[in-house]
Amino acid sequence: MDASVLAAVEGSTAAIGYGLAAIGPGIGVGLVFAAYIQSTARQPESSRMTLPYVWIGFAVIEALALLGIAFGFIWAG
């Protein structure tokens, strides 16, 4: 295999890796909000009590995604 092709593939693996790593938080956020919608549909009077937990879950999931991109930049050099 040609060395220039190998270098081009190596340079784009970080972007591909984070793109694949972003799937997890995307699914997680979808599950958090789907659970909130389902619980509110089943018991509408509890929507005010469960909303703070939704935002805490959303923030934790997004923080993990940001840590993933930060570590990707750190380990990339």
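Q: In which helix is Phe-71 found?
A: The model is predicted: local features need pLDDT of at least 70, side-chain atom pairs count only at pLDDT 80 or more, and totals for chains, interfaces and linings use all residues. Residues are numbered from 1 along each chain as its sequence is written, and side-chain values use heavy atoms, leaving out hydrogens and water. Helices are DSSP runs of H or I with at least four residues, strands are runs of E with at least two, and both are numbered from the N terminus. Phe-71 belongs to the helix of residues 47-76, which is helix α4.

Q: How many helices does the protein chain have?
A: Read along the sequence, the elements follow the pattern α-α-α-α. The chain has zero strands, and its helices come to four.

Q: Which helix has the highest mean pLDDT?
A: pLDDT is the predictor's confidence in each residue, on a scale from 0 to 100. Among the elements, helix α1 (residues 3-11) has the lowest mean, 57. The highest mean, 94, belongs to residues 23-42, that is, helix α3.

Q: What percentage of the residues in the protein chain is buried?
A: A residue is buried if its relative accessible area is under 20%, exposed if over 50%, and partly exposed in between, with a 1.4 Å probe and protein chains only. Val-54, which lies in helix α4, counts as buried because its relative accessibility is 5%. Of the 77 residues in the chain, the buried ones make up 13%.

Q: What is the area of the nonpolar surface patch that includes Phe-71?
A: Patch residues have over 30% relative accessible area and no salt bridge, and nonpolar side chains (Val, Leu, Ile, Met, Phe, Trp, Tyr) are joined within 5 Å, like charges within 9 Å. A salt bridge places a side-chain nitrogen of Lys or Arg within 4 Å of a carboxyl oxygen of Asp or Glu. Phe-71 counts as partly exposed because its relative accessibility is 38%. Together with Tyr-53, Ile-56, Val-60, Leu-64, Leu-67, Ile-74 and Trp-75, Phe-71 makes a patch of about 950 Å².

Q: What is the angle between the planes of Phe-33 and Trp-55?
A: Rings of Phe, Tyr and Trp (its six-membered ring) pair if their centres lie within 6.5 Å; planes under 30 degrees apart are stacked, over 60 edge-to-face, and the rest tilted. The whole structure holds three aromatic pairs. One of them joins Phe-33 and Trp-55 edge-to-face, with 5.7 Å centre to centre and a plane angle of 75°.

Q: Why does the pair of Phe-33 and Trp-55 tie together parts that are apart in sequence, and how many residues apart are they?
A: Phe-33, at 25% relative accessibility, and Trp-55, at 47%, are both partly exposed. Phe-33 lies in helix α3 and Trp-55 in helix α4, so their pair connects parts whose separation in sequence is 22 residues.

Q: How far apart are the end C-alpha atoms of residues 15-37?
A: An unreviewed UniProt entry lists residues 15-37 and 49-76 as "transmembrane region"; such annotations may be inferred rather than shown by experiment. In the model, residues 15-37 are 96% helix and 0% strand, and their end C-alpha atoms are separated by 33 Å.

Methods:
Accessible areas come from the Shrake-Rupley method with a 1.4 Å probe; for residues, only the protein chains shown count as cover.
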